[in-house]
Each structure stands twice: as C-alpha cells, then as structure tokens.
Amino acid sequence: MVGGAVNHSTGLDAHLVVSRGEAFTLDVSLSIPAGHTVALLGPNGAGKSTVVAAIAGLLPLDEGCITLDGRTLDDPAGDVLVPAEDRSIGVVFQDYVLFPQMTVVENVEFGLRSRRVPRRSAHEQAMRWLDRIGLGDLADRRPNDLSGGQAQRIAVARALITEPDLLLLDEPLAALDATTRVDLRRTLADHLDQFAGPRMVITHDPTEAFLLADEIHVIEDGVITQVGTPDDIRLRPRTPYIADLAGSNLVLGTASAGIVTTDTQHLHIADTHISGPVLAAIHPRAIIIDRHQPDGSPRNTWEATVTRIEHYGDRVRLQTGDPLPLTAEITPDALSDLQIVEGSVVWISIKATEISVEKD
Amino acid sequence: MIVGLVAGALVLAACGGAGDTTGDDVLVSAASSLTEVFTEIEEAFESATPEIDVVLNIGGSSGLREQILAGAPADVFASANISNMDLVADAGDVEGDPAIFARNRLEIAVPTGNPGSVTGLADFSRDELLIGLCAEDVPCGDYGRQVLQRADVVPSVDTEEPNVRALLTKIEAGELDAGIVYVTDVVSTGGDVDGIEISDDDNVYADYPIAVLTDAPNGDAAAAFMAFVLSDEGRSILADHGFGLP
Amino acid sequence: MTKRATSWDRRKRRPPVVLVILAVLGLSVFVIPLLGLLARTPWSDLPTLLTSDVVLDALRVSVVASLGATAISAILGIPLAWVLARVEFPGRAIVRGLVVLPLVLPPVVGGAALLFALGRRGLIGEPLNEMTGLVLPFSMWGVIIAATFVAMPFLVITVEGGLRNLDPRYEGAAATLGAGRWTVLWRVTLPMIGSSLAAGLALTWARALGEFGATITFAGNLQGRTQSLPLAVYVAMESDRGAAVALSLIMVVISLTVLIVLRHRWWGAL
C-alpha cells in the first residue's frame with residue numbers, strides 16, 4: 001500500500017491515481033472507517049465521478065490501491081483487479097439508472113437474482129423492502145412512471161438489498177426539486193445511519209455534505225484540498241472555492257509589515273509580523289456597509305457598487321464589485337434603511353482585526 | 001434553385017434517352033451462344049457501313065422473346081431455336097419472314113482435366129457428379145433434354161442455369177463436373193473447357209432463325225444487318241466460330 | 001368572431017400543396033408497380049397456381065433459407081456488432097467497412113466471390129471438400145450462405161447503432177449489483193436495444209427473402225432444392241407468366257404482412 005493511507009481491517013482505504021488524458025489527473029487518498037459517512041464535496045469537473053467509477057470498479061486505477069474490509073480490490077502494482085460485480089459495493093447513481101424495461105420490483109430484486117438467489121426468495125425480499133419504505137403498491141410500475149422521490153428511494157433499496165460492504169451515493173439528491181430534497185435528506189440520513197459499513201456521499205451541494213457527513217473531503221481539480229469536520233470546513237476554509245461554499249470571503253495576497261497586498265487593493269491587518277504569501281479571510285458579517293464614507297478606526301475602506309442582493313431568510317447577502325469583490329451580510333432592516341438596491345454605490349469598511357490571516 | 005436543377009437534369013435525361021433510338025442505331029437481340037460470333041459480325045458490319053451503329057443485347061432466347069413481346073424497342077431478333085421465333089411471329093412482331101442463318105450442335109462440356117471422369121451422356125445419371133443444364137425454357141436446355149432423352153439417360157441435375165453462358169462459366173470454374181452446351185461454346189472458350197462429342201444418333205441440330213421486327217425503330221438498317229448476316233462474309237465468320245451453315 | 005377563428009385554424013392545419021403533390025408522387029413509386037402486378041394477376045387460375053409444385057417448392061426453399069440466414073446473422077452478427085461498438089482495436093474502421101461491403105456490392109459479384117471462396121474449387125471450399133466431402137454450392141446451404149452474405153450487414157449495423165446509443169451506465173449499474181458479463185448482456189443490454197434488434201432482424205429477413213443475384217450465382221437454380229421464390233419468378237417470367245405473377249404476389253403478401261405486423265418497432269428504431 002502506498003504510504004499515507006492507514007491500514008484498517010474494516011472500512012475503505014483508497015489511494016486513487018487516474019489520468020484522464022493530458023489535462024487531468026486524479027490523485028486522492030481517502031479512508032472511511034465502518035459506520036462513518038464521508039462526503040466528497042467538489043465542483044463539477046473536479047473528479048468526483050472518476051472517484052465513484054474507480055471505487056465501484058467501473059474504471060481501473062493507473063496507480064494506487066483500493067482495499068475494502070482488508071480485501072484488495074484494485075492494485076495495479078500487484079496486478080490485482082477485482083471486477084465490479086465481485087466488489088460488493090452498493091452504488092446509487094445520479095439519475096438513479098433504474099432499468100427501464102423492468103418493473104420496480106424486478107429492479108429491486110436484480111441484485112439478488114444476479115447472485116443466483118432463487119426467483120421466489122428474491123421477489124419476496126424485494127417486496128418486503130418496498131413495503132418497508134412504503135412503496136409496495138408501486139411494485140409493478142415502470143421506472144418511467146415514477147416521481148423523482150420515488151425513483152430515488154427505489155434506487156437506494158436496490159443498492160441496499162444486496163447487503164454490500166460499502167455504500168456509495170453519487171449526488172443522491174441532485175435530481176430532485178427543493179422540497180423533495182429536504183424531505184428525502186432526512187430519510188437518506190436515516191438509511192446511512194443504519195448502514196453498518198463505510199459510506200461515501202458524493203455531492204456538489206455543501207448543505208448535503210454538512211448535514212449527512214461526519215467528515216468532508218473537498219476535491220478540486222483532481223486533488224483533495226481540505227479534509228475536516230463540517231465545522232472545520234465552514235469556519236476555516238482553505239481555498240476560495242470552499243470559502244464561497246461556506247460563505248466566507250477569501251483573498252490571496254502578499255503580507256508585509258501589516259499590509260496584505262492583493263492585485264487591486266491594500267488591506268491593513270492586525271498581524272505585523274507575518275510576511276510572504278497569505279490567505280486572508282473576512283467574514284461577511286464583519287464587513288460594514290454604509291452610504292457615506294465612514295470616519296473613525298477602520299482603515300480598510302473603499303467605495304464599491306452592489307452587484308447582487310440575495311435574501312436568505314432573516315439575512316441579506318450583498319455582493320460588491322471592484323476593486324475587491326466581497327460578500328457582505330446585513331439585516332433586512334439595514335438594507336431598507338440604507339435604501340440599497342442593485343447598482344447602489346456603498347462604502348465598505350473592514351476593521352484590521354476582523355481580517356484573519358494564514359500563511360498560504 | 002435546387003428544384004430547378006433537378007428538374008433540368010430530368011428533362012435532359014429524358015431528351016437524351018429519346019435521342020438514343022433515332023439515327024442509325026440497330027438494336028440486335030441475340031442468343032447467348034451468339035456472343036462472340038455476333039461481336040465479330042458487328043465489327044465487320046460497322047466497318048462496311050460506318051454510318052450504322054450496332055448495339056447487341058445478349059441473353060437467353062426465351063428472355064429476349066419476352067422482352068420483345070412486352071414491347072422492347074429491338075430491331076432484330078436472332079434466336080437459338082425456332083419455337084421462340086415462332087412465338088414472336090405469332091404475336092405479329094416479325095416483319096416478313098425469318099431466315100435460318102446458322103446451325104449448331106450440342107456437346108458435353110467438362111472442366112479442363114475432366115475431374116469427374118466423364119466419358120459420355122451415360123455419366124449424366126451419376127448422382128455424385130455435379131451436373132448442370134440450361135433451364136428448360138432456354139433453347140440450350142430444351143435441346144439438352146432432347147439429347148438426353150434420345151440417349152435414354154435420366155440425368156441427376158444439380159442446377160438449371162438461366163442461359164448457356166452462365167452454365168459454361170461454372171463448368172470452366174470447375175464448380176460443375178459436366179453440362180450440355182453448344183459446340184460453338186466449347187470453341188469460344190479457347191481451351192478453357194474440354195469438350196466430349198455427342199454421337200450423331202443422340203445429337204440434335206439447333207436451327208438459328210433471324211428476323212427483322214415489325215416495330216423496329218430503324219427498319220432499314222435492321223434489314224441491312226440481317227442481309228449481312230446471311231451474306232458470304234457473314235457466313236464465313238459464322239463458320240470460323242464453329243457454326244454449321246444452312 | 002367565431003367563424004374567423006375556425007377558418008384561420010383550418011388554414012394553419014392544411015399541409016402545403018406542393019409538399020402533398022410530391023408526397024403523392026413519392027407514394028406512387030411504390031404503389032404503381034404493385035397495381036401493375038395486381039392488374040396482371042390471373043385471379044381465376046390463382047388457386048391452382050398457388051398450390052402447384054413450383055410454387056410450393058419455391059416457398060419452402062425461401063422460408064427455410066430466409067429464416068436460416070436470419071438466425072445465422074443474429075448468432076454471428078450480434079457479437080460482431082458488440083465488438084465493433086464496444087471494443088477499441090486498430091483497424092476498426094476497416095472492419096466496419098468490410099461489414100458494409102455486401103450492401104454496396106452488386107449481389108452477383110457477391111455470389112461470384114462466394115463461389116471463388118467456397119465453391120468446390122474455391123479457396124476454402126476445395127480443402128473443405130477434400131477433408132469432408134462437403135459441397136456448399138448447389139445445395140440449400142448454398143442458398144442460406146448467399147442470403148446471409150447479403151443480409152447480415154443489416155443486422156450488424158442496426159444492432160451496432162443500438163449499442164452505441166445505449167447509455168453505458170445501465171451496464172455499469174448492473175455490474176455493481178453483482179451481474180456477471182453474460183447476465184448483463186442477457187438481462188440488460190439486449191432487452192434495452194430490443195427495438196433496434198427487432199428492426200435489424202426484420203430488415204435482415206426481408207433482404208434474405210428477396211435475394212436473387214448471389215443465390216443464382218452461388219447456389220444455382222434447381223426446383224425444390226435451391227430455387228427460391230425470386231429465382232422461380234425469374235425463370236417463370238420466361239415461360240409461364242401466370243406462375244410468375246402468382247409467385248410475385250406471394251412474396252408481396254408475405255413481406256407486407258411481416259412488415260405491417262412489426263410496424264411499431266420498425267418506426268421506433270428507424
């Protein structure tokens with residue numbers, strides 16, 4: 001096994017290296033102990049589907065190793081490659097991929113029938129699953145006739161019925177509308193909790209990741225950029241992408257004698273000792289918005305145009321433009337008091353002490 | 001625009017088609033066994049009368065007969081037997097009287113080297129040999145069966161070819177062990193098949209009639225062609241190819 | 001007010017006249033020859049003709065040969081289509097070209113090629129004959145082989161098209177559920193390309209039924225053994241017009257029946 005991955009006798013251990021042409025190489029390591037849920041969070045094109053395919057056995061590794069419960073599934077160096085049908089991994093695909101020419105119950109019993117379980121027994125087990133999730137009366141319907149939520153639950157049943165060693169969910173809620181998504185998120189969370197083995201949820205939706213996972217691995221451009229609990233990710237984002245997800249502002253610059261210089265702006269910071277390339281984080285609520293140029297202590301002030309206004313329940317987020325685009329958060333009252341609309345020109349001020357700085 | 005181009009092309013094609021049959025063109029429908037000899041006759045005729053162009057339409061005589069009866073624009077019909085010509089005459093499609101211009105006899109053809117060890121007509125009843133005849137309605141097939149009947153042989157036939165040339169090709173290729181074709185056919189292959197004579201007692205004479213057709217688009221040129229075939233020069237060419245002369 | 005609305009609606013729904021005229025002309029290309037055939041049918045003699053030996057023999061040869069050719073095309077063609085669709089190998093484009101070749105080759109040329117390859121003195125036929133005494137031309141097998149040669153490309157092409165259009169995720173999902181390769185093929189892939197497969201089989205069978213040039217060149221022509229319906233029509237045209245028409249009528253009826261019965265799948269896949 002390649003160094004860096006800890007050997008567990010249960011759970012998933014994977015170091016995945018896959019090259020997809022000149023442009024893209026996937027190189028990630030992850031470990032999921034039994035009974036834990038890991039979310040792989042990342043933007044489209046980051047390599048998430050490649051990870052799914054590699055672990056499921058639909059794509060061989062170029063380098064690296066995959067072991068599940070101590071069994072080696074893929075080891076190019078050792079010339080071991082277990083085909084997908086022998087891996088005992090339950091996969092729920094994006095768009096569910098239910099077999100259109102089979103009925104719902106035939107879909108659910110498929111995994112059992114493929115393992116030579118006799119027809120009647122497989123059918124009974126499938127019907128029991130369907131009844132348990134309340135979809136027994138859909139047994140003879142075709143996948144085409146199902147709603148998104150029904151299809152999702154049947155896809156999960158189809159994967160779980162074979163009692164796999166690992167559960168892999170690829171964007172399990174992405175295809176659903178907002179209301180269904182909220183409903184099914186809870187059901188999904190329950191299924192996950194009841195599953196004894198390791199579980200991996202692949203998603204681009206941070207809320208899904210935060211709510212379903214014990215640990216989040218963020219993937220960007222084929223590499224893992226941060227690993228941590230949902231709080232770690234949210235409060236201490238390491239890349240602009242993660243900062244955007246969590247809603248924080250992340251700025252790259254060079255620090256010297258208390259000033260961080262970016263392409264377009266100088267920021268005064270509290271730490272005068274730090275120097276070199278840094279990551280500066282500014283919480284949206286730490287940004288003060290006013291119509292007039294403020295006087296007083298904040299030394300970071302400038303004029304900017306409000307490019308977007310979004311309402312999030314009892315909070316309002318403003319996107320401001322040049323010279324340094326930021327996301328600020330204010331109350332709805334403040335929005336109306338200041339009479340801010342898209343296109344309004346406002347003054348931004350940030351206290352030096354509100355800017356947290358980390359070496360890049 | 002495109003419609004205009006397509007329409008224009010269609011008009012041109014139609015005009016072109018009509019033009020082919022006017023002028024001094026003679027369309028001669030001739031039996032397969034006349035392929036080589038009529039080609040030579042065509043060349044000789046065209047050099048003698050350069051203003052006339054002969055177009056040969058070769059096929060099994062019965063097929064040609066059906067074409068003529070269905071109204072094909074042929075000028076001359078040269079058949080390998082009299083019955084086909086009679087059918088055409090009965091329908092009133094023959095101008096004047098047909099004339100016999102050649103005679104042919106039948107011969108057994110075998111692939112070079114005679115792999116089936118055929119010695120005569122009696123071998124045609126051997127099951128293990130692959131035997132071919134022309135289809136019954138084709139003159140060659142009719143004659144072949146007459147010959148076998150006279151020799152009292154019941155043949156074990158494996159295929160009935162639509163014309164004598166198709167039969168000959170398969171014998172040449174060694175795919176058949178034996179067949180009955182015309183003497184002139186064996187000559188025309190120039191050694192690509194071996195011939196085994198059929199005795200005079202069993203053999204049949206094939207009389208080849210030629211006639212100008214009533215609906216001939218070019219009656220005068222047709223008559224000239226027919227006259228050439230019956231002339232001394234025509235007869236000498238026929239004799240060169242192994243045909244008997246009436 | 002109401003009147004104006006309906007006449008405006010009607011104008012919208014009537015198709016353009018030029019289009020209709022061209023469509024009718026197009027239809028007549030198919031219908032007029034059929035009418036010609038029906039006009040020449042000797043209706044009073046038809047029952048005797050249809051039960052004559054020539055006709056029944058030809059029918060039997062044609063049915064056996066076309067079904068045989070279709071079966072062989074399916075057994076060999078589906079795997080070939082699968083390889084062409086799924087396996088990347090050098091020279092794949094050339095192989096695909098070879099598969100399509102019988103479609104553009106004149107059938108007689110195909111028949112001649114078969115003769116040179118599989119005939120008694122053929123490249124493969126000669127050693128085959130020497131070893132086993134087997135002679136392929138001039139036998140029912142010859143008819144089946146000739147029909148397979150010209151018809152199999154249809155099956156390979158439609159099935160390959162169906163496989164290419166198949167989302168590979170279904171087979172992936174089946175694999176993750178534990179299905180081995182044969183199970184995936186049998187329970188997922190083939191059912192999902194069902195309509196392409198059906199259309200391919202129908203086209204293949206139709207082409208095999210109508211095959212003439214390759215058959216007469218390779219298999220020869222003998223009533224009861226190798227004389228299929230098209231060959232019988234050809235021969236009858238020169239002697240017994242009535243029989244020719246009766247045979248032609250049978251072919252038209254058989255073909256129309258099968259194609260109409262399969263029309264749903266046909267349109268779906270094409």
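How many residues does helix H5 of chain C have, and how far does this helix reach from its first C-alpha to its last? In the predicted model described here, helix H5 of chain C, residues 92-104, has 13 residues and reaches 19 Å between those two atoms, which is close to the 18 Å expected at 1.5 Å a residue.

Chain A and chain B, by contrast, do not touch, and their nearest C-alpha atoms are 44 Å apart.

In the pair formed by chains B and C, 16 residues of chain B are in contact with 17 residues of chain C. On the side of chain B that touches chain C, the elements giving two or more residues are H3 and strand E6 (157-161) of chain B, and E6(B) provides the largest share, with five residues. When the residues of this side are divided by class, five are nonpolar, five are polar and six are charged.

In the pair formed by chains A and C, 16 residues of chain A are in contact with 14 residues of chain C. Here strand E7 (89-92) and helix H2 (104-114) of chain A each supply at least two residues of the side that touches chain C, and the largest share, three residues, comes from H2(A). The class composition of this side of chain A is nine nonpolar, four polar and three charged residues.

Within chain B, the domain assignment gives domain 1, made up of 23-102 + 208-240, and domain 2, which covers 104-205. The centres of these two domains of chain B, taken over C-alpha atoms, are separated by 26 Å. The contact between them takes 14 residues from domain 1 of chain B and 14 residues from domain 2 of chain B. On the side of domain 1 that touches domain 2, helix H2 (35-48) and helix H3 (61-69) of chain B are the elements that give two or more residues, and by class this side has four nonpolar, nine polar and one charged residues.

Note on methods. Residues are numbered from 1 along each chain as its sequence is written. Chains are lettered from A and ligands numbered from 1 in the order in which they are written. This is a predicted model: local features need pLDDT of at least 70, side-chain atom pairs count only at pLDDT 80 or more; totals for chains, interfaces and linings use all residues. Domain bounds come from an automatic or database domain assignment. Two residues are in contact if their C-beta atoms, placed from the backbone, lie within 7 Å. Helices (H or I, at least four residues) and strands (E, at least two) are DSSP runs, numbered from the N terminus. Ala, Val, Leu, Ile, Met, Phe, Trp, Tyr, Cys and Pro count as nonpolar, Asp, Glu, Lys and Arg as charged, and the others, Gly among them, as polar. The expected span of a helix is 1.5 Å times one less than its number of residues.
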